[in-house]
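Please take a moment to look over the sequence and the structure shown here, and then follow the paragraphs below from a single residue out to the whole chain.

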Amino acid sequence: MTNLRTHQFNGAEIIERKIRYDSEVVEYNCMLLTVQNKNVVLFHIIEDTFTMKTNQAQLTIPKGSYTIAYYWKERPYNLYFWRDHKGNYLGSYFNIVKNTWISDRMVSFEDLIIDILVLPNGEYFILDEDELPESLEKFENGSVQHSLNLLTESLHAVLFQAISESEGIYAHEKFIPLLERFL
């Protein structure tokens with residue numbers, strides 16, 4: 001792995017590589033915002049509208065919205081923080097992951113199926129438990145259940161930090177020129 005310095009709004013293109021549990025690889029071109037020793041923050045414009053549904057709620061992320069995505073080498077999850085093209089907070093999404101790897105050209109992680117969708121009002125939903133090949137308690141020798149428990153205990157603190165950063169370091173006004181080029 002390359003030793004990375006701390007960058008603020010580097011602007012360099014970087015690939016997000018998600019390795020799904022079924023080994024399918026999904027990649028997105030992103031813009032590097034910040035790199036610190038064991039974490040990275042990326043920016044990505046949503047090119048196609050998508051909707052996530054739970055039994056109780058749904059969240060639609062429209063085309064032209066954007067993601068500020070947080071990845072940590074030493075945490076068993078990553079975070080996608082969504083805003084619309086006007087800067088309104090739409091919601092957040094956590095992936096339970098392992099083997100997050102960060103280099104100067106790529107962020108890679110292995111997705112462990114379970115996700116948490118968080119609505120703007122703070123209500124959250126655990127997703128995709130029905131996709132597990134075995135019970136949550138047994139899946140990955142219980143490590144996913146453990147990670148999920150740790151995350152739900154700290155969920156609001158992690159989100160509070162992301163929201164605070166979005167009002168300062170990652171203020172919407174800084175992204176308007178990028179959004180105007182897209183729209």
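Glu 180 counts as exposed because its relative accessibility is 58%, where exposed means over 50% relative accessible area, buried means under 20%, and partly exposed lies in between, with a 1.4 Å probe and protein chains only. This residue has its place in helix α2, which covers residues 176-182; helices (H or I, at least four residues) and strands (E, at least two) are DSSP runs, numbered from the N terminus. Although Glu 180 and Gly 64 are 116 residues apart along the chain, their C-alpha atoms are separated by 9.3 Å.

Before going further, keep in mind that this is a predicted model, in which local features need pLDDT of at least 70 and side-chain atom pairs count only at pLDDT 80 or more, while totals for chains, interfaces and linings use all residues. Residues are numbered from 1 along each chain as its sequence is written, and side-chain values use heavy atoms, with hydrogens and water left out.

In the other helix we can turn to Gln 145, which lies in α1, residues 143-167. Gln 145 counts as buried because its relative accessible area is 19%. If its neighbours within four places in sequence are left aside, Gln 145 is in contact (heavy atoms within 4.5 Å) with Leu 136 and Glu 137. The C-alpha atoms of Gln 145 and Ile 114, which are 31 residues apart along the chain, are separated by 9.1 Å.

Now consider a pair of strands. Strand β5, residues 50-53, pairs with β6 in the antiparallel sense over four bridges; two strands pair if DSSP finds at least two bridges between them. Together β5 and β6 form a hairpin, with four residues between them, and within this arrangement Met 52 stands opposite Leu 59 in β6. Strand β6 itself, residues 58-61, has a covered face made of Leu 59 and Ile 61, whereas Gln 58 and Thr 60 form its uncovered face.

Finally, step back to the whole protein chain, whose secondary structure comes to two helices and 11 strands. Read from the N terminus on, the elements run β-β-β-β-β-β-β-β-β-β-β-α-α. Of the 183 residues, 49% count as buried, and among contacts between residues at least 6 apart in sequence, 49% join residues at least 24 apart. The C-alpha atoms fill a box of roughly 45 × 40 × 30 Å, taken along the principal axes.
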